[in-house]
Amino acid sequence: MRLVSVSKLKPDMVLARSIYYRDCLILKEGQTELYRYANRLKNIGIEYVYVEDAFSEGIEVSDAIREGTRVACKRLLRNAIENFSNNSTLDMSELSQGINNIVDDILKITDVQVSLSDICSADDYTFSHSVSATVYSLLIGKKMGYNKAMLEKLATGTLLHDIGKVMIDKRILCKQGKLNKEEFEYIKKHTLLGYEALKKCRQITELSRVIALHHHERMDATGYPYGLPAGELHEFSRIVAVADVYDALTSNRCYRNKWTTVGAVNHLIECSDTKLDTNLVAALIQQIAIYPNGSMVHLSNNYIGIVREQNRSMPFRPIVRVIADDLGHEVKMFEIDLMKELSITILETEIERSEKWSLFDF
Ligand SMILES: [Fe+2]
């Protein structure tokens, strides 16, 4: 399978991953004549979908968690948050099962480099972000050697880390453009509000609650709400800081488009040791595919290709299936192993330069 812009859907493409919108299945895996749905998908903010076509045969994309686990957890989280908004009580009885399932999926992963392909629209952000950040937190926690009970506490805190945003005015929370000083100070309150809300729920341990309070604190004491130094931050909070930043960058937001994986990874590296914990950043980066399988890339030898397979020892140099030249002309397909062809590099991915890529027909 491969990831394709909805504006490039063709009659020969078959949907390779089901598409959900607000927890509802809207297009099932195996759906044909996808091009008919292009405008509707665009209208609800879905820009890319996974398809099977002649170019993508045999390319496999392995996810960190199963699609069913993700969708169910998003739905349980939505229900729990909606109940909380209505009556200020948080019922963990059902959500705990969702948390259990995510932890079980993460413990089963054997792939070193996973991709996290949540095809969601920007307005689904709150719940998608919480679930994706939880997956990243768990990948880090697993690498740090946490046992299942610790992973469940980490997952609970990550899933609910932004619950304070329920009490923040949506007009300010999703404002397009820069926030003024007062607005930013107001948004910062979601940390304290979230912590206070979680304190009322006895099923949640203090270790999980503190994540809501401290996930915006930074190693160099420049974070909020308290500007605490690294030594006063529990490892859980430092893990969620990394997971939160990484997922925020790689998601579409109401005020900007998502970054590429490589751009977000470089940003995490730049923030290492000053803002974010170096060891925890390394633990995450080692486990995610920099150029995920199925993504389109432009190579320095003037070809366009699809990433077919990861090279575990060199994540920046995967195996690429070439399908066209960079003038947009299809070529007889062949593969380049970038670990062997060291003079060739990846210049960019499709989502980095959508204007230029819009000239291509595949
Ligand atoms: Fe937050």
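Leaving out residues up to four places away in sequence, Asp-105 touches Ala-64, Ile-65, Arg-66 and Thr-69. Asp-105 sits in helix α3 and has a relative accessible area of 6%, so it counts as buried, the limit being under 20%. The model is a predicted one.

**Iron site**

- Four residues supply the protein donors of the iron ion: Asp-162 through OD, and His-190, His-215 and His-216 through NE2.
- These donors lie 2.1 to 2.3 Å from the iron ion.
- Along the chain, the donors follow the spacing D-x27-H-x24-H-H.
- His-190 belongs to helix α8 (residues 190-199), while His-216 is in the loop between α9 (206-214) and α10, so this pair ties together parts 26 residues apart in sequence.
- Both His-190 and His-216 are buried.
- The arrangement around the iron ion is irregular, because the angles subtended by the 4 donor atoms run from 85 to 176 degrees. For four donors to count as tetrahedral, all angles would have to lie between 85 and 135 degrees.

**Helix α5**

- Helix α5 spans residues 148-159, which is 12 residues.
- From first C-alpha to last, α5 reaches 16 Å, close to the 16 Å expected at 1.5 Å a residue.
- The buried residues of α5 are Leu-151, Leu-154, Ala-155, Thr-156, Gly-157, Thr-158 and Leu-159.
- The cover over these buried residues includes α2 (67-87), α3 (95-108), α4 (125-143), α9 and α10.

**Nonpolar cores**

- In soluble globular proteins, nonpolar side chains tend to be buried together.
- The largest nonpolar core here contains 69 residues, and Leu-90, Leu-95, Ile-106, Leu-160 and Leu-299 have the most contacts inside it.
- Helix α10 (residues 235-249) is the biggest contributor to this core, giving 9 residues.
- Domain 2 (67-285) and domain 3 (294-362) each provide at least three residues of this core.
- Beyond its neighbours within four places in sequence, Leu-160 is in contact with Leu-77, Ile-81, Leu-90, Met-92, Leu-95, Leu-198, Ile-204 and Ala-212.

Key
Residues numbered from 1 in each chain as written. Predicted model: local features only at pLDDT ≥ 70, side-chain atom pairs only at ≥ 80, totals over all residues. Heavy atoms only, no water. Core = buried A, V, L, I, M, F, W, Y, C linked by side-chain atoms within 4.5 Å. Buried < 20%, exposed > 50% of the residue type's maximum accessible area, 1.4 Å probe, protein only. Helix = DSSP H or I, 4+ residues; strand = E, 2+ residues; numbered from the N terminus. Domains from an automatic or database assignment. Contact = heavy atoms within 4.5 Å. Donors = N, O, S within 2.8 Å, 3.2 Å for Na, K, Ca; no water. Tetrahedral: all angles 85-135°; square planar, octahedral: opposite > 155°, others 65-115°. Expected span 1.5 Å × (residues − 1).
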